[in-house]
Amino acid sequence: AYKHATREPNMTTHKLLLLPGDGIGVEISREVERVIETLHGLGGANSFEVEIDLVGGAAIDAHGVAVTEEAIAKASDADAIIFGAVGGPKWDNVPYEIRPEAGLLRLRKDFDLFANLRPAICYPALAEASSLKRELVEGLDILILRELTGGTYFGEPKEIVTQENGEKRAVDTTVYTTSEIERIVKVGCDLARKRSGKLHMAAKWNVMKSGVLWRDVTVATHEKYAPDVELELILADNCAMQLIRNPKQFDVIVTDNLFGDVLSDEAAMMTGSLGMLPSASLGAPDPKTGKSKALYEPVHGSAPDISGQGLANPIAMIASFAMALRYSCDMSSEADIIETAIAKVLDNGLRTADIMQSGLTKVGTEQMGKAIAAEIQSAMA
Ligand code: NAD
């Protein structure tokens with residue numbers, strides 16, 4: 001753990017818990033630390049207190065569990081949790097209950113992280129890397145908001161039963177309540193307000209009862225809570241089609257857990273590589289402080305095939321940290337500066353192996369992190 005000493009009276013100190021995890025999680029976390037150091041070194045009204053702890057396989061090796069109670073306590077004390085990635089072949093055979101992912105699931109559950117924000121941003125310099133035509137994706141900036149704690153993945157009954165005739169029957173159950181839908185739609189309205197003011201809600205009210213409730217609660221919540229936001233209802237299958245046909249028609253799309261899983265991956269892949277994709281998961285606001293617990297993490301995993309070689313792209317995790325500044329630290333302008341720094345470094349032709357194109361400059365994890373930090377420094381000087 002370390003704290004940046006500060007003597008200025010009006011300075012706001014943000015408590016961050018950094019959980020690097022396993023594999024490339026450790027390497028890309030160092031670059032996030034570099035960005036934090038850079039922001040801090042530039043002074044200003046904000047400082048950071050950073051705690052670092054183990055999670056995933058690293059925590060299993062040290063403590064026998066994927067996340068310790070001490071780490072959970074630190075997480076509960078932090079303004080934001082910045083998470084790397086967990087897992088790897090070394091832990092493939094540990095018992096199911098203590099597997100590396102259990103650390104992440106415990107954090108999601110303890111802090112009721114129900115709102116998953118998955119931005120899909122296409123940096124102009126990477127438009128060629130998309131499988132869609134440049135004009136469709138260049139400058140794309142959409143946000144898929146996925147409900148993360150309810151629906152088909154958690155509903156009961158959830159079982160495979162062998163029937164009397166020997167045939168098996170599998171059941172998953174999609175369950176949502178009014179309040180579960182209302183709280184995520186409110187988050188969607190808030191996000192739309194901060195962006196272009198446009199919100200789509202994707203569901204299947206034509207064939208699913210849960211879809212009917214999603215539609216009705218969304219309309220009622222919008223009317224009561226955010227009539228200023230432009231709301232459009234869209235069938236989830238049409239949404240999947242429209243995302244490919246004309247993705248720039250969207251800004252924020254709110255949807256349930258199952259459709260969100262699929263639509264967010266679809267939207268994300270328009271932008272090129274896994275190494276570029278940040279995410280945030282927000283919990284319910286604390287009734288006393290109004291602040292939400294939140295966890296920020298790259299979408300990718302621990303990439304055992306390239307870990308320990310200094311090859312990983314740190315951009316997804318640095319962009320996740322930028323989201324933490326925007327949503328947990330009230331530091332939107334610094335978040336903008338980080339995102340602009342990423343775009344500049346890409347414009348300048350620097351590429352990690354995963355986004356390499358011929359004629360450009362191949363760099364490793366550390367060089368990429370240093371270049372982004374340097375751009376941040378010159379933007380703020
Ligand atoms: P992965 O995301 O780790 O890797 C998939 C491919 O993308 C690999 O070829 C990898 O080299 C590449 N890649 C991913 N991130 C990259 C980056 N930042 N820079 C450059 N290349 C990158 O998925 P996987 O291989 O299916 O899983 C590996 C391990 O990670 C498994 O143990 C899995 O359980 C775990 N995992 C963890 C999380 C998480 O921590 N949230 C998410 C997904 C997978």
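A polar contact is a pair of N or O atoms within 3.5 Å; within protein, one atom must be able to donate a hydrogen and the other to accept it, and residues adjacent in sequence count only if both atoms are side-chain atoms. The model is predicted, so local features need pLDDT of at least 70 and side-chain atom pairs count only at pLDDT 80 or more, while totals for chains, interfaces and linings use all residues. Residues are numbered from 1 along each chain as its sequence is written, and side-chain values use heavy atoms, with hydrogens and water left out.

**Ligand**

- A backbone N or O atom of Gly301 lies 2.7 Å from a ligand oxygen atom.
- A polar backbone atom of Ala303 is 2.8 Å from an oxygen atom of the ligand.
- On its own the ligand has 800 Å² of accessible area (Shrake-Rupley method, 1.4 Å probe), and the protein covers 67% of this.

**Aromatic rings**

- The whole structure holds two aromatic pairs (rings of Phe, Tyr and Trp, the last by its six-membered ring, with centres within 6.5 Å).
- One of them is Tyr176 with Trp214, 5.2 Å centre to centre and with 90° between the planes, which is edge-to-face (over 60 degrees; under 30 is stacked, the rest tilted).
- This pair links distant parts of the chain, 38 residues apart: Tyr176 is in the loop between strand 8 (168–173) and helix 6 (178–194), and Trp214 is in helix 7 (residues 209–225).
- Helices (H or I, at least four residues) and strands (E, at least two) are DSSP runs, numbered from the N terminus.

**Strand 11**

- In a regular strand the side chains alternate between the two faces of the sheet.
- Strand 11 (residues 252–255) is covered on both faces, with Val252 and Val254 buried on one side and Ile253 and Thr255 buried on the other.
- Strand 6 (residues 141–147) runs parallel to strand 11 and is joined to it by four bridges (strands pair at two or more DSSP bridges).
- Arg146 stands opposite Thr255.
- Strand 9 (residues 198–203) is also parallel to strand 11, with four bridges, and Leu199 stands opposite Val252.

How values were computed. Buried means under 20% relative accessible area, exposed over 50%, partly exposed in between (1.4 Å probe, protein chains only).
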